[in-house]
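Please look at the sequence and the model shown here before reading on.

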Amino acid sequence: MKTIGVIGGMSWESTANYYSALNQGVAQSLGQWHSAKVIINSVDFKDIKEQQQNDEWDQMAMTLSQAAISLERAGADFFLIATNTMHKIADAVANSVSIPFIHIADSTGEALAASGVTKVGLLATRFTMEEGFYKNRLREKFAIESLVPNKQDRQFVHEVIYNELCLGKINDAARQEYLRIIDDLVAEGAQAIILGCTEIALLVKQEDTSIRLFDTAQLHCDAAVKWALQD
């Protein structure tokens with residue numbers, strides 16, 4: 001079994017889910033007494049959040065690159081960044097080490113393509129919804145078009161992520177608004193919805209809606225388990 005490296009802490013709420021999903025995946029594949037070989041470098045999210053607000057992406061790239069280097073030195077065979085938004089700087093972080101990197105948009109795109117989805121709604125931070133680093137990758141590698149909410153709804157989705165979900169707060173009123181936004185995206189032609197922030201799955205579950213949800217954190221972990229167990 002290969003050792004999985006995880007850059008986490010953005011937020012720790014979703015990183016805890018990563019750790020659980022990685023271990024559950026290994027146990028399901030190998031048997032109940034098995035667990036994943038995981039090394040986690042968890043950064044301080046307060047620093048990252050402030051740097052995001054100040055558009056200091058070069059500084060964040062340095063921080064995450066140092067985390068990646070520490071994972072490689074500690075014995076990780078490959079690594080993940082346990083958040084969608086920070087894939088904005090994924091190339092810089094991946095290039096800082098020699099071990100392979102699993103991109104979260106690739107694991108999501110592969111699952112969408114396998115399901116025949118060509119047009120998908122994207123819920124995420126405003127960075128992920130409004131910039132091209134995620135949507136362009138889905139389009140260029142998988143021929144998948146991404147739809148995002150209107151400006152007001154994008155701001156609402158973003159604020160709930162940072163002010164509630166990253167703090168472990170689950171609010172039913174926020175869930176109902178997210179479901180309304182999902183319905184609006186479906187009305188615009190979305191065949192499915194990407195939960196494109198690793199915390200959103202804490203709020204919205206598949207049982208809450210009939211539209212198919214693609215949980216990026218779970219898909220990322222599924223890909224990591226597959227990597228860890230392949231020859």
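The report below describes aromatic pairs and the surroundings of their rings.

The model is a predicted one, and it holds five aromatic pairs. A pair of aromatic rings is described by the distance of the centres and the angle of the planes.

| Pair | Centre to centre | Angle between planes | Arrangement |
|---|---|---|---|
| Trp 57 and Phe 127 | 5.4 Å | 80° | edge-to-face |
| Phe 78 and Trp 227 | 5.4 Å | 55° | tilted |

In the edge-to-face pair of Trp 57 and Phe 127, Trp 57 belongs to helix H3, which covers residues 57-74, while Phe 127 belongs to helix H6, which covers residues 126-130, so the contact ties together parts that are 70 residues apart in sequence. Trp 57 counts as buried because its relative accessibility is 8%, under the 20% that sets the limit for this class, and Phe 127, at 6% relative accessibility, also counts as buried. Trp 57 has a further neighbour in Lys 88, which lies over the face of the ring at 5.1 Å from the ring centre.

In the tilted pair of Phe 78 and Trp 227, Phe 78 is part of strand S3, residues 78-81, and Trp 227 is part of helix H10, residues 216-229, so this pair ties together parts that are 149 residues apart in sequence. Are the two partners buried or partly exposed? Phe 78 counts as buried, with 0% relative accessibility, whereas Trp 227 is partly exposed, with a relative accessible area of 30%.

Key: Residues numbered from 1 in each chain as written. Predicted model: local features only at pLDDT ≥ 70, side-chain atom pairs only at ≥ 80, totals over all residues. Heavy atoms only, no water. Phe/Tyr/Trp six-rings, centres within 6.5 Å; stacked < 30°, edge-to-face > 60°. Helix = DSSP H or I, 4+ residues; strand = E, 2+ residues; numbered from the N terminus. Buried < 20%, exposed > 50% of the residue type's maximum accessible area, 1.4 Å probe, protein only. Lys NZ or Arg CZ within 6 Å of the ring centre and 35° of its normal.
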